[in-house]
Amino acid sequence: MAVGGLLLSGCMEGSGEPKSAGRTAAASAPARLWPERPPAPQPSKDEVGAREKPSPLRGVPHVPSGDIRTVPLLTVVKAQVLAGSEDDGSAQFDAATTEKIEHCATDRKRCPVRAPQYRDLNGDGKNELIVGIEGADHALALWVFMLKNGVVTRIMDAGATPLSVEVTGGDVILREPTGTPGYDMRTVYSWDKRTQTMILRVMEFDEVARTAPPKSAS
């Protein structure tokens, strides 16, 4: 009762009469512009599935152990470079990057292939292989491979010029610079059971946290 009395007295004039807190803005629903125009047709599930599907990698030995860590990284990379060129008839990288990949085994200092990363992205308790390849102008090709019945299978193929690449839970998060000062582009890829691939789930502008400059010693 004492607390209730204190709260009530804070809303009253000195005379004990209730005091108004001011006019509250009325809530309004979003106003749709050009309502007479029909919305764009949404892609069917079949069309989406045709674009998003796992791609078994040719030229890589079968892995009966079920451990993708046993597959040599450069074997996977070279097979994917070859498969990509055969699929669309064009090279996946510029000539300089492709040549560096070919010589990775003997020239590690100039090799554009980053160290392999292993994370469980689809929740099956087994690691997937995450591959990053640096191209021209700070571009990064990002591939993810899993084992499906012992077959190395690509489940993600993305390109970016990232400030960072992160993994949290089953999500792969890319942060890229934008043309807007103070903002980064945040892109999130997540496992999709229906397509059996990592799909783009979120793409948004994210405000960059500003760090206060250190205080100078007095």
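Predicted model: local features only at pLDDT ≥ 70, side-chain atom pairs only at ≥ 80, totals over all residues.

Visitor: What does Trp143 face across the strands?

Guide: The bridge partner of Trp143 is Asp157, in S5. Strand S4 covers residues 140–148 and strand S5 covers residues 151–160, and the two run antiparallel with nine bridges joining them.

Visitor: In what order do the strands of that sheet come?

Guide: The sheet is open and has five strands in the order S1-S5-S4-S3-S2, with antiparallel pairing. Strand S1 (55–56) and strand S2 (117–119) stand at the edges with a single partner strand each, so one side of each has no neighbour in the sheet.

Visitor: Changing topic to packing, which residues have the most contacts inside the largest nonpolar core?

Guide: That core has 25 residues, and those with the most contacts inside it are Val77, Val113, Val131, Ile133, Trp143 and Phe145. The elements giving two or more residues to this core are H3, S3 and S4, and the largest share, six residues, comes from H3.

Visitor: What does Val113 touch?

Guide: Leaving aside residues up to four places away in sequence, Val113 touches Leu73, Leu74, Val77, Ile101, Cys104, Arg108, Val131, Gly132 and Ile133. Apart from the core of 25 residues lies another core of 14 residues, among them Ile130, Met146, Met156 and Ala158.

Visitor: You mentioned Cys104 there; which residue is its disulfide partner?

Guide: Cys104 forms a disulfide with Cys111, the sulfur atoms being 2.0 Å apart, and the structure holds one disulfide. The torsion about the S-S bond of Cys104 and Cys111 is about 85 degrees, so the disulfide is right-handed. Both Cys104 and Cys111 are buried.

Visitor: Now the charged pairs: how many salt bridges does the structure hold?

Guide: The structure holds six salt bridges. One of them joins the side chains of Arg110 and Asp107 at 3.3 Å, N to O, and Asp107 counts as partly exposed because its relative accessibility is 23%.

Visitor: Which residue does Glu134 meet in a salt bridge?

Guide: Glu134 meets Arg114, with a distance of 2.8 Å from N to O. Glu134 lies in strand S3 (residues 128–134) and Arg114 in the loop between H4 and S2, so this pair ties together parts that are 20 residues apart in sequence. Glu134 is partly exposed at 38% relative accessibility, and Arg114 is partly exposed at 38%.

Visitor: What about Arg186, where is its partner?

Guide: Arg186 forms a salt bridge with Glu204, the closest N and O atoms lying 2.8 Å apart. Arg186 is in strand S8 and Glu204 in strand S9, 18 residues apart, and the pair links distant parts of the chain. Glu204 is partly exposed, with a relative accessible area of 33%.

Visitor: How many bridges join S8 to S9?

Guide: Ten bridges join strand S8 (residues 183–192) to strand S9 (residues 197–207), and these strands run antiparallel. Trp191 stands opposite Met198, which is in S9.

Visitor: Which residue in that hairpin takes a positive phi?

Guide: Gln196 does, with a phi near 60 degrees, in a hairpin that has four residues between the strands S8 and S9.

Methods. Residues numbered from 1 in each chain as written. Heavy atoms only, no water. Disulfide = S-S within 2.5 Å. Buried < 20%, exposed > 50% of the residue type's maximum accessible area, 1.4 Å probe, protein only. Pairing = 2+ DSSP bridges. Salt bridge = Lys/Arg side-chain N within 4 Å of Asp/Glu carboxyl O. Core = buried A, V, L, I, M, F, W, Y, C linked by side-chain atoms within 4.5 Å. Contact = heavy atoms within 4.5 Å.
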